[in-house]
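Work through the two exercises below with the structure at hand, and try each task before reading its solution.

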Amino acid sequence: MTDKKKELKPNTYKFDTLSLHAGYQPHKNAGSRQVPIYQTTSYLFDDVDHAAALFNLERGGHIYSRISNPTVGVLEERVASLEGGTAALATSSGMSAIFLTVMTLCEAGDHLVVSSQLYGGTVNLFRLTLPKFGIKCTFVKPRDTEGFKKAIQKNTKGIFGELVGNPGNEIMNMPEIAKIAHDAGIPLMVDATYQTPYLCKPFEHGADIVIHSLTKWMAGHGSSMAGILVEGGKFDWMQNDKFPTMTKPYEGYHGLSFAEEFGPTAFTMKARAEGMRDFGPCLSPQNAWNVLQGIETLSVRMKKHCSNAEEMVKYLSNHESVAWVSHPSVPDHPDHELAKKLLPNGRGSMIAFGIKGGKDAGVAFINNVKLASHLANVGDTRTLVIHPASGTHSQMDEATLKFAGLSHDMIRLSVGIEDIDDIKNDFEIGFRAARKPRLVSNQ
Amino acid sequence: MKFKVNNHEVFASTGGRPFDKKKPLIIFVHGSGLTHMTWVLQTRYFAFHGYNALAIDLPGHGLSSGDSLKSIEQMADWVNDVIDAVGHKEASLVGHSQGCLVTVECTSRYPDKIKTLSLMGGAGAIPMNPELLSLAENNDPKAVDLMMDWAHGPAGHFGGHPVPGLYHINTGTMLAKSRTIQNTLGVDFRACDNYKNGFEAAKKIKCPTLSILATDDKMCPVKEGKKLASLIDGSQVDIIDNCGHMMLLEEADRVLTVLKKFITTNYPPLSS
């Protein structure tokens, strides 16, 4: 027998194990196997010295649940571990995570380059609300990689986009846009809600900050609002003079320089110490616990979401009532090859399709499906449908709708994990109604 | 803060407080391939309680310029130069892992200058696994992944960091990958492997010494740490249960509590 030398291999826990265990040690929590819900506002100090140490960031620990909470802390570590990040900060919603990210990065007078294909609420934040804080944005179509470069100005502090745009499924070329950002000395921030870390880990493709609406696939059951920002830890805030609030002494913490003191976790530390203190969009421990329950089955659910989505793509592509289908798994999708590279575990469960007959047909379809739920959410275990032009993106004018790649015949479908035949049967009801909208519509 | 030693710029975190020559000096020396960042949950406390806490980046590491020093003896002399460069006549030293070899050697060479010595995850010698050494010298990121795996105890692999939201295995990985691996970790591992004087150096140490060891430390096991401590007159030993080699992150609070008591007793702060 030959004596084969065993190759050294790291035995750190893998994705499915981290989904269940990361961030939590039962022996430090009375042996409780499940993560306890710390339903409390505040935490006892051992003595005055301990209190001062916590307030001065001299040691880790909890002061007040607006800033941090042990249950929420488990969720934060768990998502950081799954993303391959150094640290994370959970918030009350995905929108508050985006807002906190921008406010941690920018000051009045700063500028951002932003993908044009975003959730409608995010578009309004960047287009209408942030200018009120003196932060301006230039929108660029997600496939216009060179456009991102051209839009960078002297006062640009970062690039922001959804990896797969909502709702048109256009994919940002994340590795190339990351390079553009890094060549300009600014970070790339990516909303990866549609993917979850099961489908894509943006840090491996150059992103610096990843944001999730945890409300969607991560929690997965349509029960709880939550958001999170995750830090990759690679971005060097001290490489230029663009980020004085990260690198210069901060009056709010005795002259602390976040970049010097906290290095690869500096952004999260600042977002918590300043943002949660001053804005306060904290996540409730009950909601954090609900999201943790969802994350325990993330990979199991995502596999089913993706397999059902691919079945639905085939079904819709061959349906007489469907004008077009957009999903990265479709070979003629413009980003099909990029999707294979960035989304190796599946292309996600969001489908956009055009219904023949335009807006009226779309309305009839939405009004008549029985199993699919008509609501303003995605990433539920249940199948969801909406007509963006009259729903999620209804606050946009015609020109903005067009720039965001939206058409009046578009239906956004978030494929659930029901039996695939039941979803198809339900859609047949909707399509029949769409073909005769006036006879069958219930409105 | 930044200052120069041997014409090279050195970065040292001051724990968020301005450097003040009147205050006693504590120098924290990081382990192989790492940076000042590993000490963030110890330095800030001392900085706010009457000390100059300097968490240095060794040459070629973190934010310090120059090339990495190739031997533990060179690093020990360099730490002595740091004390001179910041205008102090004495200091208390705290080391982790490779930093223990450096601070033991430094204390034996400059006994009049070093007032207390605190060793975390220390041993008299740290021979390297040849394959790990080869990976690091060949710039293979797997060296960092292996180090982070072995350096964290079973509990540490789950996380549960005292700083909310911080996942320490990934943070440690990012620190070790922040510069070119072969120029930091590779050089450091070789220096550890070559260093043979730890036990002899320990016998010369007369200042108060503390060894903090961890039951699940695979890189510098308790047995090795105790062996080193037994050679230092009057050395104290504190053992942390359910913790690995990265004790200063895995059990940051426990480490700070033990360190605080030892240093404030043996090297009092400047009273306010």
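Two strands count as paired if DSSP finds at least two bridges between them, and strands (E, at least two residues) and helices (H or I, at least four residues) are DSSP runs numbered from the N terminus. The model is a predicted one, in which local features need pLDDT of at least 70 and side-chain atom pairs pLDDT 80 or more, while totals for chains, interfaces and linings use all residues. Residues are numbered from 1 along each chain as its sequence is written, chains are lettered from A in the order in which they are written, and side-chain values use heavy atoms, without hydrogens and water.

**Exercise 1.** Find which residue of β4(B) stands opposite Ser13(B), and then place the strands in their sheet.

Solution. Begin with β2 (residues 8–13) and β4 (residues 52–56) of chain B, which run antiparallel and are joined by 2 bridges; here Ser13(B) stands opposite Ala55(B). Next, follow the open sheet of 8 strands, whose order in chain B is β1-β2-β4-β3-β5-β6-β7-β8, with mixed pairing. Finally, look at the edges, where β1 (2–5) and β8 (236–240) of chain B each have a single partner strand, so one side of each is left without a neighbour in the sheet.

**Exercise 2.** Describe the contact of chain A and chain B, where contact means heavy atoms within 4.5 Å.

Solution. First, note that chain A gives 51 residues and chain B 49 residues. Then look for salt bridges (a side-chain nitrogen of Lys or Arg within 4 Å of a carboxyl oxygen of Asp or Glu): the rule finds 5 across the interface. Asp49(A) forms a salt bridge with Lys260(B), with the closest N and O atoms 3.6 Å apart.

Notes. Contact means heavy atoms within 4.5 Å.
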